[in-house]
Amino acid sequence: MTFDLVLSGSDLLLLAPEIFLTIWLCVILIIDFSLKDLDHEKLAYLSVGGVLVTLITLMWFDYTGVSGTLFKNMFVLDRLAIFFKIFVLLSTAFVILISVDYVKFFRFFRGEYYFLVLMSALGMMFMASANDLLSVFVTLEFSTFGFYVLVTYLREDLKSSEAGLKFFILGVFAAGLLAYGISLVYGATGTMVFGEMASHQGSYGLAIGFVLIFAALGFKIGAVPFHSWIPDTYQGAPTPVTAFLSIAPKGAAIAILIRMFYVALATFKPMWVLLFVLASILSMTYGNIVAIAQKNIKRLLAYSGIAQMGNILIGLAAGTKRGSDAIMFYLLTYLFANLGAFAVVIGVSNLIKSDEIEDYNGLNRRSPFLAAAMLIFLLSLAGVPPLAGFIAKLYLFIAAIEQELYALLIVALINIVIALYYYLIVIKKMYINEPHDPTPLTISTPLKTAVYVGLAGTLILGIYPKPFIDWAVAATLMFSNLAAPTASVPAVTSLVGG
Amino acid sequence: MSDLLVILIPVFPLLAVLLNGLLGHRYSPALAGQIGCGSVGLSFLCSLVVLGEMVSTGTTREVIAYTWIFGGDLNVNLGFLIDPLTTVMLLVVTGVGFLIHVYSVGYMHGEEGYTRFFTYMNLFTVSMLLLVMGNNYLVLFIGWEGVGLCSYLLIGYYFDRISAAKAATKAFVVNRIGDAGFLLAIFLVFVNFKSLDYTIVFSQVDQLSTEMATAIAFCLLIGAIGKSAQIPLYIWLPDAMEGPTPVSALIHAATMVTAGVYMVVRNHVLFDMAPVALITVGWIGGVTALFAATIGLVQNDIKRVLAYSTVSQLGYMFLACGVGAYIAAIFHLVTHAFFKALLFLSAGSVIHAVGGEQDIRKMGGLWSKIPRTHGVFLVGTLAIAGIPPLAGFWSKDEIMAHAFVNGEYGLYLMAAIGALLTAFYMFRLTYLIFYGQSRVDPKVEHHIHESPPMMTVPLIVLAFLAIVGGFLGVPPEHGWIHGFLAGVATPAGAEVHEVSFGLLVGLMGIAILIAVSGWGVAHYLYSARPRAAEDWAARAPGAYGTLLNKYYVDELYDWMFVEPCKRLGRIWDWVDSNIIDRMVRAVGRMVDLGSAGSTWFEKHVIYGAANVIGFGNHLVAWSWRKLQSGMVHHYAAMIVVGLFLLVHFLLIWLTGKSVL
Amino acid sequence: MTVPITHYMILSGLVFLIGVVGVLIRRNIIIILLSIELMLNATNINFVAFSSYLGNVAGQVFVFFALTVAAAEVAVGLAIIIALYRHHSSINVDDFQLLKW
């Protein structure tokens, strides 16, 4: 076997967005080094500009149908990958916008902050294109390294350091599990490319290997029982980093999950459905119940995030094209609602230096705009129509019921009632309780822009979701054959449905 | 009529919401009020045109605004179905809604957040219109949740009241329980029909098995019970009276709470296929009608009496649905909207007059001081009590007659006793407010004044409707409304019970007798012998206390559901910190024993130094160290244990045997 | 006589387990890092053995990448540890439990 690597111009085109972003982030770093007096805010806008250029390139790719594979199938650019790349870049632009004010509080390394954010984004773009287990491993680690540093960015703050430490130890621990899982799968099948695994026989090595890989990806998205790092890390990390962490890596990891389970393991669907049903039920229930007892808004959003990932796993449990469409649309709605909520949290914490839910008392008197925005974001997360979150949940539930996952669906329906309860606790504090300190709050322009974008997304995706659903549907056309394979295995339906 | 006209009906209030919500702070509250009222008025005019078209042509039509959700075989439009049932609901929502909006301009005058109030009210109107106009279940559900949300916002309108905040949360969460049931019904419909459009579903309904129809009907019923405040989910409605009075009139009397009835009638084809579900509807309605009426007997808050009365009257509508009298249910819905809105608004006028007092024990003798309010309130009382020829008599009599003719004598009996109690508590309310000695606080006494015309004019219009509204359904069974709704609300395959003229007159006579005797008892207790009521209460303190405390249902629910739920969060905390923590710690300890052993080995064998004291210290340090939980280890252990269980579970499932 | 593949798998499994147990029970962050290195090296043993057994070089390619990733991990990890030690004078994980519940 020989390794011959030939790259033509058209091959490079597939990599163009990544290459451009790499150059761009080097430029950012060089500017930061060479122009010491430059206001870091300019660097932020420069970064957003680069991200937007990349975003537009990808949209153009999507529109013209550029696709193909590179490096012996390791890297794939198809509409699914493009969807997730756009997702990652959108959240990156969003996060940079909400960081601008926060970065002022850093005593040093302000410029490097944007470099690290962009580098993590680059890693996640590669994750979206990962088409074999080697690239899964490398890209996953690549994107996480940036986060290890970002979480610890407030060096003097004990909480930030502790969060970083916990995240790092557990993160590399999960990486170890991932690598070992990959080695078992490789031993069982003799290949690491997803597409070539599909034809292999099932075996213990394959099953255990994939559970290990699932654990590592479950760790990334924060699914129970691999969620343990989420609350502590979210609470301790600088809030913009928490916001980034709560959305972009999850999206990228979901991209890998979809590709891996839908392509490599399509024939074993009856087996992995159970895995997702279990993880989904555990995540929803655990996340929602523990969220009730929270006193810190970032921790509350962390637990709510665990529950939201439980919802997303419903789509994977369905294991159909509709399931993946629903997940992708859900992620879009989650992007706007979740990042919007974090934008409000940052706005509030910049001004009052607190993330305690107690301090949200009477927010409506202090800043009606922030309170109203938070209200809409939380209601969307709770799935109240006509906001975006509702349509997304509906779509997921329909995917589940088509596969007759009634038990899962009933757990999910009970959970949306519980979820509404703790979101209402926050809403009640904002709207009904008396503020401790009635001084009005005003927020800066970049943050306001981010909140407006979040509001627009949450409302538009709720009221006119069709184009976005069409987009998700088109991105997963290759899964059209995954209609209803469960019918041939009655054991699954008897165990899960019933 | 053009499609545009239909689409404009919800668009007018929507525009008002956008205008007042986004730009409301730029102009005066008065203008915001005018925009709010005007938009609903325009919708009402459009609805009238729709009605005219409907009466003259009688054709049902669908209007599609745009394709909303699409993907594979899932295709849902934002579309409207205009048929006689929708038309009737449209007129109630926009007509009564318009009057209440006009009334609010006067009632809410000078309140903080006047613009916000109208924004919410208009948003509510939009949601309610979507609810009644939708041509598929999803649009219905959007409206359904939307009205719940607006109800939440409006009940919590008075920020500064903690009780208002609690009531709002209670209303939203209890409603959401019902909504979860409704959502499940929607999914079942989708799975069975691959569509959510009414026309497609109802035309293919005969392919459905009885079991599936029953399942869907029960899920729908859960939703209807939540929204229409029936047993056991009625508890939110009385508390919802914390909101401003026009809100109580619009949302918690005339429109939103009747959504459950509308939904049952809209889906009557499904209920007709599921007799078990249908009769459950009837009994829930009957029991609620009687139960809520008994609580209403002894309440002392003017709005709470009306709230329990609303729950009771909604029970009548459910009862009507349960015996297949869908037209009677809608007829009662319409008349109830007139007289209950009237009662709430005039109660608001009373409260306005006596400076915010709501306790009827602190009223009395008001009839001469606020004569117009007194007049319209009396009309409302006569109407709801069932005194002919006012509206309530005709609709309630029709429901009772249907129960009797269908052989549901148990339901008939409950309805009859309920009617007696209704007449009693309504006249009790009237006597205590308007007649007898004044018990008003002397400080307030000289402030008592009649409300401004902005409030009394809508009251007079509603009073007029409460008087003549019943003639929509006269003669019984063959009135205008029966002909109009015959096409959409006639039970499928039901045999026609030919009612003899004698029976009809007999039942009417009984109904009149019941109403008059209720009045008589109230007159005896609260006017002729004012002390008698208190004597009775004193003689049976247990019963009185039970009724006064609403059968302790709230306490029961708190004990059964709310406290455990709150506790669950705390218990989980406890489980997390004690059980899970201890388990993890135990695992850690076992491993640590090993590590201690290896440490021992290290110290004693490798270094060969018998440092017993050092080992003792190490042991102490080790046990002390155990007191602080090394969290990261717990986390890693959690991952490992979770992974182990997943692998184990998967292997059991794959091979059928445990590997342990 | 060739060594059967199962021997390699048992060896790598044992090394992996030692690594996992090390992460679970040791309190010194550097030792924890070393334990994680053990886990990755167990993976490498597996890959090389499978690669030779299957006659497929892809496994050995993975080992190179795994080594690189492990090196990067150590670099980032030691940086975090130094930052922690400078400000909190401790590299014992038990000293970091401000964030909980």
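**Group meeting: helices, an interface and a core**

Just after helix 3 of chain C, Ser89(C) takes a positive phi of about 50 degrees. Helices here are DSSP runs of H or I with at least four residues, strands are runs of E with at least two, and both are numbered from the N terminus. This is a predicted model, in which local features need pLDDT of at least 70, side-chain atom pairs count only at pLDDT 80 or more, and totals for chains, interfaces and linings use all residues. Residues are numbered from 1 along each chain as its sequence is written, and chains are lettered from A and ligands numbered from 1 in the order in which they are written.

Next, chains A and B. On the chain A side, 44 residues are in contact with 43 residues of chain B, contact meaning C-beta atoms, placed from the backbone, within 7 Å. Helix 18 of chain A gives the largest share of the chain A side, nine residues. By class, that side has 36 nonpolar, one polar and seven charged residues. Ala, Val, Leu, Ile, Met, Phe, Trp, Tyr, Cys and Pro count as nonpolar, Asp, Glu, Lys and Arg as charged, and the others, Gly among them, as polar.

Now the core. The largest nonpolar core has 480 residues, and Ile330(B), Ala341(B) and Leu342(B) have the most contacts inside it. Such a core is a set of buried Ala, Val, Leu, Ile, Met, Phe, Trp, Tyr and Cys residues joined through C-beta atoms within 7 Å. Leaving aside neighbours within four places in sequence, the contacts of Leu342(B) include Val376(B), Gly380(B) and Leu459(B).

Last, one residue in a strand. Phe80(B) sits in strand 2 of chain B, residues 74-82. Is Phe80(B) buried or exposed? Phe80(B) is buried, because 25 other C-beta atoms lie within 10 Å. Phe80(B) and Asn135(B) are 55 residues apart in sequence, yet 4.6 Å apart in space, C-alpha to C-alpha. Again leaving aside neighbours within four places, Phe80(B) also has contacts that include Val6(B), Glu62(B) and Met133(B).

How values were computed:
Contact = placed C-beta atoms within 7 Å. Buried ≥ 20, exposed ≤ 12 C-beta atoms within 10 Å, placed from the backbone.
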